[in-house]
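Here are my notes on the model, as numbered points. Keep the viewer open while you read.

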Amino acid sequence: MAVVFEKPKALTDKVFHYCPGCTHGIIHRLVAEVIDELGIQGKTVGIASVGCSVMAYDYFDIDMVQAAHGRAPAVATGVKRANPENIVFTYQGDGDLAAIGTAETVHSAARGENITVIFVNNAIYGMTGGQMAPTSLPGQITQTSPYGRDTSKVGFPLKVCELLSNVDGAAYLERVAVNNVKNVKAAKKAIKKAFTYQTEGKGFSLIEVVSTCPTNWGLAPQKALDWLEENMIPYYPLGVYKDKYAQED
């Protein structure tokens, strides 16, 4: 009998702990499929962040390092420079990457570190209970903005791909989503391109994945996908924000 679907070898057998409707599981699978297809499982090192994805080291069947909150790009830099032959990626949420870890993200890109960053943007702090994040939308209701995010008091959301597109050291930046089949396929293509660029020594890549958080958004899984489509994607448009090597492809 032909096998038409199976678990990627780069994932362990451990059951995901994520909430129903959370898209972390989809993103994990896409990363694992790319690792399998590129044949790099034995030399890939993942850097786990602090947040809902803190237990990523339980799910990827590769070498993993746990970083302090926000410091994953700095840890990835050390791992990559110590062992340049390894393929090194970070897996970070918006609170980890775009708040406490903003400096590490920007300066890793500025230095052109040959690493891959997987950035999960669900517009809220997930693990700690649904507080407003740097990526929460204007007017978005959270635990710490019960009347909606007031930009006159707390400023505007941070658009990471747009910000890093002005950093000379960044090689490849793309924003994708995983809310439907078409976007999942595009997300995998972007992740594979980022990892391929690293294998070719082309420098810093970041893939921003617009994602859901049904529990802290207070929505059922399907409604969360609808909310993402109607609210997040218009504010965070999908697409390539920088590709130094596009003409070579």
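1. Cut-offs first: a charge sits over a ring if NZ of Lys or CZ of Arg is within 6 Å of the ring centre and within 35 degrees of the ring normal. With that in hand, K193 lies over the face of Y172, at 5.1 Å from the ring centre.

2. Some housekeeping. This is a predicted model, so local features need pLDDT of at least 70 and side-chain atom pairs count only at pLDDT 80 or more, while totals for chains, interfaces and linings use all residues. Residues are numbered from 1 along each chain as its sequence is written, and side-chain values use heavy atoms, with hydrogens and water left out.

3. On to ring against ring. Rings of Phe, Tyr and Trp (its six-membered ring) pair if their centres lie within 6.5 Å; planes under 30 degrees apart count as stacked, over 60 as edge-to-face and the rest as tilted. Searching the whole structure turns up 10 aromatic pairs. One of them is F16 with Y18, a tilted pair at 5.8 Å centre to centre and 50° between the planes. F16 is partly exposed at 31% relative accessibility, whereas Y18 is buried at 13% (buried means under 20% relative accessible area, exposed over 50%, partly exposed in between, with a 1.4 Å probe and protein chains only).

4. Y197 and Y245 are worth a look too: they pair edge-to-face, 5.6 Å centre to centre, with 85° between the planes. Which parts does this pair tie together? Y197 lies in helix α7 (residues 181-199) and Y245 in the segment after β7 (239-243), so the pair links parts that are 48 residues apart in sequence. Helices (H or I, at least four residues) and strands (E, at least two) are DSSP runs, numbered from the N terminus. Y197 is buried at 2% relative accessibility, and Y245 is partly exposed at 21%. Elsewhere, F60, F89, Y91 and F195 form one aromatic cluster.

5. Now helix packing. Two packed helices are described by the angle between their axes and the distance between the axes. Here axes are lines fitted to C-alpha atoms, for helices over the stretch in contact, and angles run from 0 to 180 degrees between N-to-C directions. The axes of α1 (residues 24-38) and α7 come within 9 Å and cross at roughly 50°. That makes α1 and α7 oblique to each other (angles under 35 degrees count as roughly parallel, over 145 as roughly antiparallel, 65 to 115 as roughly perpendicular and the rest as oblique). Their crossing is right-handed, where right-handed means that the near helix is turned clockwise from the far one by less than a right angle, and left-handed anticlockwise. From α1, the contact (heavy atoms within 4.5 Å) includes I26, L30, V34 and L38; from α7, V184, A187, I191 and F195 are among the residues involved.

6. P73, A74 and T77 of α2 meet E104, T105 and S108 of α4. The buried residues in α2 are A72, P73, A76, T77, V79 and K80, and the buried residues of this helix pack against β1 (44-48), β3 (87-93), α4 and α7.

7. One backbone angle to check. Most residues other than glycine have a negative phi. A123 has a positive value, near 65°. A123 is placed in the loop between β4 (116-121) and α5 (151-154), and is buried, with a relative accessible area of 0%.

8. Which residues does V120 touch, not counting those up to four places away in sequence? V120, in strand β4 and buried at 2%, touches H24, I27, Y91, Q92, G93, D94, V209 and S211. V120 and I207 are 87 residues apart in sequence and 8.5 Å apart in space, C-alpha to C-alpha.

9. Last, G21, in the segment before α1. G21 is partly exposed at 32% relative accessibility. G21 and C213 are 192 residues apart in sequence, with 7.5 Å between their C-alpha atoms. Leaving aside neighbours within four places in sequence, G21 contacts T212, P214 and P221.
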